[in-house]
Amino acid sequence: MARLTWHGHATFTLETDQGHRIMFDPYLDDNPRADIRVEDVRKLDFILVSHGHFDHFQDAIPLAKQTGARLISTYEIVSFCQTQGLQNVHALHIGGGNHFDFGYAKMTPALHGGQVHGDTEGAFTTVPGGWWLDLKGGKRLYYAGDTALLTDMQLLKGKVDVAVLPIGDNFTMGPEDATRAVEFIEPRVVLPMHYNTWEAIEQDPNGFRDLVGDRAEVVILDPGDSYNF
Ligand code: NI
Ligand code: MN
């Protein structure tokens, strides 16, 4: 059984069938909806960073140093992390994937901003991404990251069991565009993220569920809740 736990905003912990623990976009200590803090995280094997905005990256380096987890992201974000003293890293880039202990991880395109939080000179500005994971045992997960609706998402059709999509609008897709993404991808299950953290991204996830209808099962979590698949 794989288990995906939401920590509010875009932060999730994935525990794989084999027991690997992977965190997506750690944003805990300043996240108004987080159920845990950085200091609560003891065992972590990998940290996947979709892009460098503070609400996805702010706690990644402290968490990597605390747990020894390997940080995986774009070449630019990884290079920035190395300037901050992080050694256990892996760089890849959009369209490229690699085999890790938990399975195959590929960076998918995202249309969004490329600033890297903490990079005061802007030297590491990069292209944001998302993740397509083909976990050992065959479960496939798409974590879109922060992105606009992309027609490229159609290329994921037939390749995704669980899709994690932003629905907050304002900075990313809103519920209507996320519904079009579901039409493109045809996942079995959708988990909405990146909403109700701040006023600008307030959304009713039940409204998103109504829009999706019978195209997919929409699983709505509260921070701290898990979905098993
Ligand atoms: Ni962002
Ligand atoms: Mn964001």
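Trainee: How far apart are the manganese ion (ligand 2) and the nickel ion (ligand 1), and which residue coordinates both?

Mentor: Good place to start! The two ions are 3.1 Å apart, and aspartate 146 coordinates both of them. Keep in mind that this is a predicted model.

Trainee: Which residues are the protein donors of the manganese ion (ligand 2)?

Mentor: To read a metal site, look for the atoms that point at the ion. Here they belong to Asp55 (OD), His56 (NE2), Asp146 (OD) and His194 (NE2), at 2.1 to 2.2 Å from the manganese ion. Along the sequence, these donor residues follow the spacing D-H-x89-D-x47-H. Aspartate 55 sits in helix H1 (residues 54–57), while aspartate 146 lies in the loop between strand S10 (140–143) and strand S11 (162–166); the pair is 91 residues apart and links distant parts of the chain.

Trainee: Are aspartate 55 and aspartate 146 buried or exposed?

Mentor: Both aspartate 55 and aspartate 146 are buried.

Trainee: Let me turn to the sheet. In what order do its strands come?

Mentor: First the general idea: strands of a sheet pair through backbone hydrogen bonds, either parallel or antiparallel. In this structure, seven strands form an open sheet in the order S7-S8-S9-S10-S11-S12-S13, and the pairing is mixed. At the edges stand strand S7 (97–100) and strand S13 (217–218); each has a single partner strand, so one side of each has no neighbour in the sheet.

Trainee: How do I follow the pairing from strand to strand, and how many bridges join S8 to S9?

Mentor: Walk across the sheet one pair at a time. Strand S8 (residues 103–109) runs antiparallel to S9, with seven bridges between them. Lysine 106 has tryptophan 132 in S9 as its bridge partner. Tryptophan 132 in turn is partnered by tyrosine 142 in S10. S9 and S10 are also antiparallel, joined by four bridges. They form a hairpin with four residues between them, and glycine 137 in the turn has a positive phi of about 105°. Next, S10 and S11 run parallel and share three bridges. There, tyrosine 142 stands opposite alanine 163 in S11.

Trainee: Which helix packs on the sheet?

Mentor: Helix H4 (residues 175–185) does, touching S10, S11 and strand S12 (189–193). The direction of H4 makes about 155° with that of S11.

Trainee: And why is strand S9 described as largely enclosed?

Mentor: Count its buried residues. Six of the seven residues of strand S9 (residues 129–135) are buried, so the rest of the structure largely encloses this strand.

Terms used:
Residues are numbered from 1 along each chain as its sequence is written. Chains are lettered from A and ligands numbered from 1 in the order in which they are written. This is a predicted model: local features need pLDDT of at least 70, side-chain atom pairs count only at pLDDT 80 or more; totals for chains, interfaces and linings use all residues. Side-chain values use heavy atoms; hydrogens and water are left out. Donors are N, O and S atoms within 2.8 Å of the metal (3.2 Å for Na, K and Ca); water is not among the atoms, so sites may look incomplete. Helices (H or I, at least four residues) and strands (E, at least two) are DSSP runs, numbered from the N terminus. Buried means under 20% relative accessible area, exposed over 50%, partly exposed in between (1.4 Å probe, protein chains only). Two strands pair if DSSP finds at least two bridges between them. Contact means heavy atoms within 4.5 Å. Axes are lines fitted to C-alpha atoms, for helices over the stretch in contact, and angles run from 0 to 180 degrees between N-to-C directions.
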